[in-house]
Amino acid sequence: MSSQTILSQENIRKNYGWLIVIGLCLLPLLKMKFDTYMTLTIAGLAFGMFIFLTAVGLSVIFGLMDVLNMAHGAFFAFGGYASYTVISKLGGFGWVDTGTTGQSWASFGLGILAAVVIGIILGFILERVIIKKVYGDHLKQILITMGSAYVLVEIIKIIWGPNDEQVLVPAAFDGSWIFGDVIITKYRVVAIAVGVLVLIIAQLILKKTKIGIIVRAGVENKEVVQAIGYNINKIFTGVFLVGAALAAIGGAMFSFNKLQVYPGMGDEQFIFAIIVVVIGGMGSIAGSFIGALMVGLAYNYVSFMVPPLALGIDIIIMAVILLIKPKGLLGQQ
Amino acid sequence: MINELTPVQQDRLNEQKTRYTNKGFWLQLIFIACLILVPIVIPSFRVVDMVAKIMIMIVLVASYDLILGYTGILSFAHHMFWGIGAYSVALLFYHSTNPSAYLLIAAIIIAVALSFVLSLLLTMFSLRVQAIFFALLSLAVAEFALILSEQWTSLTMGEDGVNFPLPDLLSSASASGRMVTYYLILVISLFLFFLLMRFVQSPLGKVLRAIKDNEKRATAMGYKTLRYKIVPIVVGSCIAAISGILFALWLRFVDPKTVFSSGVMIFVLLMVIIGGLGTMWGSICGVVIIYLAQTWLPDLLKVGASLLPPHPIITGLAERWMLYFGIMFILIMLFFPRGVVGTIQKYLHEKKVAQLKK
């Protein structure tokens with residue numbers, strides 16, 4: 001009986017977030033033509049997916065261990081640069097922009113793989129060498145990871161230079177489909193598919209596997225999990241690595257969308273990720289997803305209408321959510 | 001009759017008695033005298049420029065220390081308030097046909113009012129939830145300020161920056177323009193710094209220290225901790241805005257990169273941490289150390305790089321000197337979290353304790 005009511009309450013809480021997303025989606029129709037609207041919506045959804053990939057790790061890391069990792073944006077940037085390096089090497093062999101469908105899928109996969117590898121390496125170094133020393137001290141964690149982010153971005157500037165670099169797009173993802181007046185960029189559809197896939201896999205792991213249950217329990221109450229006998233620090237390192245890898249994947253995918261990589265890309269993305277985490281609630285994956293969609297869509301609509309205020313609308317959404325639901329849409333109440 | 005003085009009154013009496021025999025007092029006087037003499041004795045513009053910038057930064061860093069060191073709340077928007085000050089004076093002078101000194105007062109009022117409202121809004125939204133949200137919200141808002149200053153070109157001239165005319169008294173039109181600006185900066189910075197010193201020694205500052213040491217205890221003693229935390233944030237932000245006005249006056253030029261970019265925030269954080277959190281004198285120490293390092297480090301690195309074989313990575317390592325500040329920041333946080341002044345204070349304290357034990 002009691003579990004039933006909790007379930008229904010949770011359902012209401014979830015629907016609430018989705019209702020806001022759908023409402024937000026339809027709002028701009030009042031002011032713009034349908035074809036522009038569709039293009040913007042697809043772009044916004046794809047943008048939301050990149051943000052989601054960054055935010056999901058940040059959110060779970062914070063939920064599990066109370067660590068606010070300010071260097072998360074740097075993983076995103078490193079992912080983008082790693083994939084850029086691999087893709088431009090493969091481009092030299094003619095795999096990327098002129099290759100067959102198989103070659104372009106392979107180069108896409110290799111680019112993502114490079115991002116994952118570098119994300120895991122960097123995450124491991126950062127977690128083991130630096131963050132481990134300051135567990136439990138919020139202020140120091142934020143400051144130290146902020147310093148690390150700064151150092152990592154400087155390292156990017158040293159290795160790859162401080163300027164923008166052009167990124168090739170695999171031929172299979174280049175171009176767009178046209179339905180009547182509506183133009184849909186192929187790559188954005190791929191990005192949305194990857195984002196949804198990550199959400200589904202993450203939810204399955206969290207709901208169905210033992211590790212997932214431990215992680216969820218850890219988010220709820222880490223002392224009890226420790227008392228039962230699980231080494232929460234080890235699990236946390238694992239979650240941290242997965243989060244770093246996801247952010248790196250986000251960076252790689254973002255680079256194909258933006259067609260360039262630049263040292264500041266991680267810092268920009270981190271701002272959105274923070275907004276998403278606050279909106280969605282610390283430690284909630286579904287919350288991050290809803291938050292990322294809201295932020296991505298709102299950003300795209302407003303940047304079409306009044307470009308300078310695009311980030312402002314996201315900040316306003318965040319402030320309103322903080323007022324109504326201080327713990328975020330799906331956060332632990 | 002027994003002694004009716006409370007410990008606080010006793011303290012004050014002691015302070016009044018030793019006020020003029022105190023070493024610190026004379027040191028302060030000598031320090032101020034040096035600052036007054038600098039432009040007269042040393043005619044080199046480079047030195048005067050550095051001293052003026054150091055004074056401005058000291059106010060900025062000290063006001064940040066008021067927020068971070070005395071409440072433990074992390075703000076990532078301090079450079080935004082600085083920039084608000086800088087831009088308010090720049091835009092007022094730029095858009096007015098006849099720049100007069102009265103506009104300076106108007107700029108101060110506008111900058112302080114804007115900072116007051118903004119910082120109050122930020123605290124209202126975030127602090128009531130959790131202190132960490134203040135860091136997140138302020139980071140986002142500061143980024144938004146950078147974007148606005150870059151893209152709202154009709155008001156801020158965008159990335160080109162604002163090159164504004166100054167009233168005759170301060171501008172290069174009169175021969176002593178720089179001198180007057182220097183002394184204006186000196187007077188206002190000194191005033192603000194001693195205001196901050198007074199603030200942290202006031203009863204309010206003592207409550208803040210109690211809250212930082214143990215918030216639950218302070219709540220149990222009946223202090224409404226949330227309200228007490230808002231005060232230093234608002235005061236610190238307003239002082240940062242005035243410091244920004246001084247900066248714009250000295251530079252005679254403002255652009256988004258110099259005031260609104262997050263690099264400024266990193267520098268302020270570095271200076272606060274090096275000097276020592278929660279010590280006003282630490283901010284002086286931190287600013288001076290970083291400014292000296294900033295002047296010498298790039299040259300030193302170039303010499304170092306010329307000894308090694310030329311390779312893009314090595315020249316990169318030599319050119320990106322900011323990297324070493326970042327590494328220094330991490331190392332200090334890990335091994336030296338009290339900063340210079342904090343460590344000295346701890347050492348003196350331990351010595352005193354050891355003496356008392358004997």
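# Reading a predicted two-chain model

Student: How many residues lie between S2(A) and S3(A) in their hairpin?

Tutor: S2(A) and S3(A) form a hairpin with two residues between them, and A:Gly180 in the turn has a positive phi of about 60°. The labels number DSSP runs from the N terminus, helices (H or I) having at least four residues and strands (E) at least two. This is a predicted model, in which local features need pLDDT of at least 70 and side-chain atom pairs count only at pLDDT 80 or more, while totals for chains, interfaces and linings use all residues. Residues are numbered from 1 along each chain as its sequence is written, and chains are lettered from A and ligands numbered from 1 in the order in which they are written.

Student: In which sense do strands S2 and S3 of chain A pair?

Tutor: Strands pair if DSSP finds at least two bridges between them. Here S2(A), residues 176-179, and S3(A), residues 182-185, are antiparallel over four bridges, and A:Phe179 has A:Val182 in S3(A) as its bridge partner.

Student: At what angle do H3(A) and H5(A) pack?

Tutor: Two packed helices are described by the angle between their axes and the distance between the axes. Helix H3 (residues 72-92) of chain A packs against H5(A) at about 15°, with the axes 9 Å apart; the axes are lines fitted to C-alpha atoms over the stretch in contact, and angles run from 0 to 180 degrees between N-to-C directions. H3(A) is therefore roughly parallel to H5(A), since angles under 35 degrees count as roughly parallel, over 145 as roughly antiparallel, 65 to 115 as roughly perpendicular and the rest as oblique. Among the residues that meet are A:Ala77 and A:Phe78 in H3(A), and A:Leu152 and A:Trp160 in H5(A).

Student: How many residues of chain A are in contact with chain B?

Tutor: Residues are in contact if their C-beta atoms, placed from the backbone, lie within 7 Å. By that rule 31 residues of chain A touch 34 residues of chain B. Helices H5 (138-160), H10 (265-280) and H12 (310-324) of chain A are the elements that give two or more residues to this side of chain A, and H5(A) supplies the largest share, 13 residues.

Student: How do helices H14 and H15 of chain B cross?

Tutor: The axes of H14(B), residues 280-307, and H15(B), residues 312-319, come within 8 Å and cross at roughly 165°, and H14(B) and H15(B) are therefore roughly antiparallel to each other. The contact includes B:Leu301 and B:Ala305 of H14(B), and B:Ile314 and B:Ala318 of H15(B).

Notes. Two residues are in contact if their C-beta atoms, placed from the backbone, lie within 7 Å.
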